[in-house]
Amino acid sequence: MTRPPHRTTKNTTRDPPPASDAGSARSTANRKARDERKEAHLRGIMDRYTEQFRAVGNQDAPSVARKVHIAIDDVLERDRKESANSGNIRCRKGCAHCCHGPVEIWPHEAALLLETARAAGMELDQARLERQSQYTMDTWRQQPAADRACGFLGGDGRCKVYEFRPNACRKLLVVTDPALCDADKHPPASVGRWFSWEAEILESAALEVFGAALMPRSLLAELRAETLDAKAQSRKENHK
Ligand code: SF4
């Protein structure tokens with residue numbers, strides 16, 4: 001009997017990797033699974049805040065801003081308690097290098113800032129806001145140094161609206177030498193920040209849901225809306 005011709009079969013099973021390769025493949029897979037779990041967790045937090053902010057978006061703007069500020073303060077306080085590194089935060093009253101940079105806010109925060117300024121009898125320098133509003137996040141430092149400071153920064157280096165300051169200011173906490181925050185002398189990369197993932201996500205959700213703009217533009221929009229409201233009110237009274 002003749003033997004059937006030998007058929008070569010494609011070997012679909014690979015030889016097992018050496019033990020050390022198997023260990024590294026396992027740790028890569030574990031790392032990937034951990035990263036995926038973390039990403040899903042962070043996405044869940046983003047979804048939760050997005051939903052919460054969508055639900056309150058049309059309520060009274062200053063009170064929405066106050067509630068969101070309380071929420072971010074709570075998150076920052078909780079995370080600072082749990083972080084060993086947070087003890088190294090160097091931000092102090094009167095240190096105001098970061099108040100000379102662009103600050104992104106959402107309209108409810110602008111409404112709260114304007115309400116606070118009005119209540120304190122503080123006049124906003126509209127001409128400076130107009131000049132500042134010509135600049136973007138990327139071109140901010142191209143404007144004259146005298147114009148770069150936030151309009152709420154006092155001559156003593158303190159924030160005049162500290163209790164009502166935007167989230168962007170609340171969550172900016174540095175752990176490196178405050179001198180490094182002087183962007184005229186040091187590149188931004190030399191500044192080390194302490195940050196809370198949840199506070200970052202909360203603010204991203206607020207900016208996404210409510211809309212983001214640099215502070216001068218946002219304040220000017222509020223001032224214009226205030227003027228329009230006043231005009232509408234006076235028209236109404238004239239028709240009584
Ligand atoms: S609002 Fe206050 S803390 Fe924020 S940039 Fe202006 S002066 Fe600084």
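The following legends describe close-up views of a predicted model.

**View 1. The residues around the ligand.** The shell that surrounds the ligand consists of Cys99, Val103, Cys150, Phe152, Leu153, Cys159, Val161, Arg165 and Cys169. Sorted by class, this shell holds 8 nonpolar residues and 1 charged residue, with no polar residues.

View 2. Helix α2 spans residues 61-82, and the distance from the first C-alpha to the last of its 22 residues is 32 Å, close to the 32 Å expected at 1.5 Å a residue. Its buried residues are Ala61, Val64, Ala65, Val68, His69, Ile72, Val75 and Leu76. In general, an α-helix has 3.6 residues a turn, so residues three or four places apart point the same way. Ile70, Glu77 and Lys81, by contrast, are exposed on the other side of α2.

**View 3. The largest nonpolar core.** This core has 30 residues, of which Leu202 and Ala206 touch the most other members. At least two residues of the core are supplied by each of α1 (19-56), α2, α3 (107-119), α7 (197-210) and α8 (215-238), and the largest share, 7 residues, comes from α2.

**View 4. The surroundings of Leu202.** Once the neighbours within four places in sequence are left aside, Leu202 is in contact with Tyr49, Ala71, Ile72 and Val75.

How values were computed
Residues numbered from 1 in each chain as written. Predicted model: local features only at pLDDT ≥ 70, side-chain atom pairs only at ≥ 80, totals over all residues. Near = placed C-beta within 6 Å. Nonpolar A, V, L, I, M, F, W, Y, C, P; charged D, E, K, R; others polar. Helix = DSSP H or I, 4+ residues; strand = E, 2+ residues; numbered from the N terminus. Expected span 1.5 Å × (residues − 1). Buried ≥ 20, exposed ≤ 12 C-beta atoms within 10 Å, placed from the backbone. Core = buried A, V, L, I, M, F, W, Y, C linked by C-beta atoms within 7 Å. Contact = placed C-beta atoms within 7 Å.
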